[in-house]
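Please report on the strands, helices and loops of the model shown here. Keep it brisk, and state the cut-offs behind each term.

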Amino acid sequence: MEQKTIREFLNTNIFKEIFDSLNIGIHIIDSKGNTIFYNKICEEIEGNSKEWIIGKNMNDLVQEGIYSESIAIEVINKKKQVSKSQTVNGKYIYTTGVPIFLDEELYMVVMNIVDMTKIEELRFKYNELKDINKKIKNELNILNKLELKDNLIISKSQQMKKILMLALRAAKVDSNILIEGESGVGKGVLSSYIHNNSERKEGPFVKVDCSTLSETLIESELFGYESGSFTGARKEGKAGLIQMADKGTLFLDEIGELPLKLQVKILGVIQDKVFQKVGGNKNIKTDIRIIAATNRNLFNMVEEGTFREDLYYRLKVIKVKIPSLRERKDDIIPLIDYFIKKYNKKYNFNKNISVKAKKTLLNYKWPGNIRELENEIERLVVLSENDLILESDIFTGDIGESNCMSLSNDTTFKENVYEYEKKLLKTYMKQSKDIHELSLHTGLEESTIRKKAKRLNIEISYR
């Protein structure tokens, strides 16, 4: 079939209508590279009119810069199908050039042109949705973990929900964490929660209370010691808590009480991941994550020179501040219900608490926070005479002593605290059969109880 006959056939109305009805561009070029057909979709995609482009040679159009390259010319040269992505007229298109042969000679090239711009937009939106979906999935995983969390963490208030969300995100990385908050707000519980949701959960969680050990003792407890390091040391030496926490988490509670000398050594552990035992000169490698907690203002201590600035910033890579219980009252009633249930189970009781009693507890300031609330609920469960804990039970103990301090203008704050601690410790002693049970009830270490009793001039006795 001659080229003239081809053009006549391509320009028939029926042929043009068929090709114009397609949703892809059809661009037909003869064996010399001249355009002989250009359908309506091609005009829309490439921005050229068929009247202008028909008859023009593709080599010339490339030289003029109309096209950056010609797939049709590549097909003519290679005598085989070629497919490529291109950007034409600001649109992302995908073109396939198909050679048509007649009597083994190249007859024409049919170009199929697809506008991929919308598809690319959809792909981009799809990837965006995938990212959003991934974020939502991560958030749902966090929320699921919040629902499945240890019941010791009550998070009905928005403040605590945000803190737990932050804690779960922090658990996924290995950065050091500084937890701030008043005594009894749950800093230790939160640190354990972070560990249990981290990649280190299979490793040890080692707690060090920096406020209860002397400078000499805390150094040997933290770093361990070699044989014969000091009088009273074990002959075989001792591994320290840092060594015991390897592959896990070291929780430094009340870090503000750590002496400056030991702050330097802890800084070395963070920076170099090595330490030396007391009396030793051998570097021991360690792989630990440090979570520190304090009820003091470390920033002020830095300004005062009682806490190292470099250690402060090393510890507070992630900072979490737990609000006091009086700042998140939405948690008080759920905590009351939880502790009632806990101590009913522990002591085999079936006690409930009245609405008025709950209201009284809700309106209290709780200077001791959750620890104080738990201790009070345990006392109420143990000492209330009836199965329903009443408002009156909150104020009267089993020995007829008031557990709410009656304040006098003649006594100082320090004196009131001293008397209240005295009464509280005596109440716990009456609930306990030995020092171990007393420690469990108060949440204090046995050594701390003995020191406190000595300071308060109380003789330790049990029920």
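Five strands make an open sheet, ordered 2-1-5-4-3, with antiparallel pairing. Strand 2 (35-38) and strand 3 (82-88) are the edge strands; each has a single partner strand, so one side of each lacks a neighbour in the sheet. On average, neighbouring strands of this sheet are turned by 25 degrees against each other, direction ignored. Strands pair if DSSP finds at least two bridges between them. Strands (E, at least two residues) and helices (H or I, at least four) are DSSP runs, numbered from the N terminus.

This is a predicted model: local features need pLDDT of at least 70, side-chain atom pairs count only at pLDDT 80 or more, and totals for chains, interfaces and linings use all residues. Residues are numbered from 1 along each chain as its sequence is written, and side-chain values use heavy atoms, with hydrogens and water left out.

Strand 1 (residues 25-30) and strand 5 (residues 105-115) run antiparallel and are joined by six bridges. His-27 stands opposite Met-111 of strand 5. Helix 6 (residues 71-78) lies across strand 1, strand 3, strand 4 (91-102) and strand 5. Helix 6 runs at about 160 degrees to strand 3. Axes are lines fitted to C-alpha atoms, for helices over the stretch in contact; angles run from 0 to 180 degrees between N-to-C directions.

## Loops with positive phi

Most residues other than glycine have a negative phi. Lys-79 has a positive phi, near 60 degrees. Lys-79 sits in the loop between helix 6 and strand 3. Its relative accessible area is 45%, and Lys-79 is partly exposed.

Asp-103 also has a positive phi, near 55 degrees. Asp-103 is in the loop between strand 4 and strand 5. Is Asp-103 buried or exposed? Asp-103 is exposed, at a relative accessible area of 69%. The classes are buried (under 20% relative accessible area), exposed (over 50%) and partly exposed in between, with a 1.4 Å probe and protein chains only.

Strand 6 (residues 177-180) is covered on both faces. Ile-177 and Ile-179 are buried on one side, Leu-178 and Glu-180 on the other. In a regular strand the side chains alternate between the two faces of the sheet.

Strand 6 pairs in the parallel sense with strand 13 (residues 289-294), over four bridges. There Leu-178 stands opposite Ala-292. Strand 6 also pairs in the parallel sense with strand 14 (residues 318-321), over four bridges. Ile-177 has Ile-318 as its bridge partner in strand 14.

Helix 8 (residues 158-171) packs on helix 9 (residues 187-196) at about 45 degrees, with axes 8 Å apart. The two helices are therefore oblique to each other. Angles under 35 degrees count as roughly parallel, over 145 as roughly antiparallel, 65 to 115 as roughly perpendicular and the rest as oblique. The crossing of helix 8 and helix 9 is right-handed. Helix 8 makes the contact through Ile-163, Leu-164, Ala-167, Leu-168 and Ala-171, and helix 9 through Leu-190, Tyr-193 and Ile-194. Contact means heavy atoms within 4.5 Å.

Helix 15 (residues 332-347) and helix 17 pack at about 45 degrees, with axes 9 Å apart. Helix 15 is thus oblique to helix 17. The crossing of helix 15 and helix 17 is right-handed. A crossing is right-handed if the near helix is turned clockwise from the far one by less than a right angle, and left-handed if anticlockwise. Contact residues include Leu-335, Phe-339 and Tyr-343 of helix 15 and Ile-370, Leu-373 and Ile-377 of helix 17.

Gly-368 lies in the loop between helix 16 (355-363) and helix 17 (369-383). Gly-368 is partly exposed, at 22% relative accessibility. What does Gly-368 touch, not counting residues up to four places away in sequence? Ser-183 and Gly-184.

## Helix 21

Thr-448, Ile-449 and Ala-453 are buried in helix 21 (residues 446-455). Seen down the axis, the buried residues of helix 21 fall within an arc of 130 degrees, so they line one face. The arc is that of the directions from the helix axis to the C-beta atoms. Helix 19 (413-431) and helix 20 (435-442) are among what covers these buried residues. Asn-457 follows helix 21 and has a positive phi, near 60 degrees.
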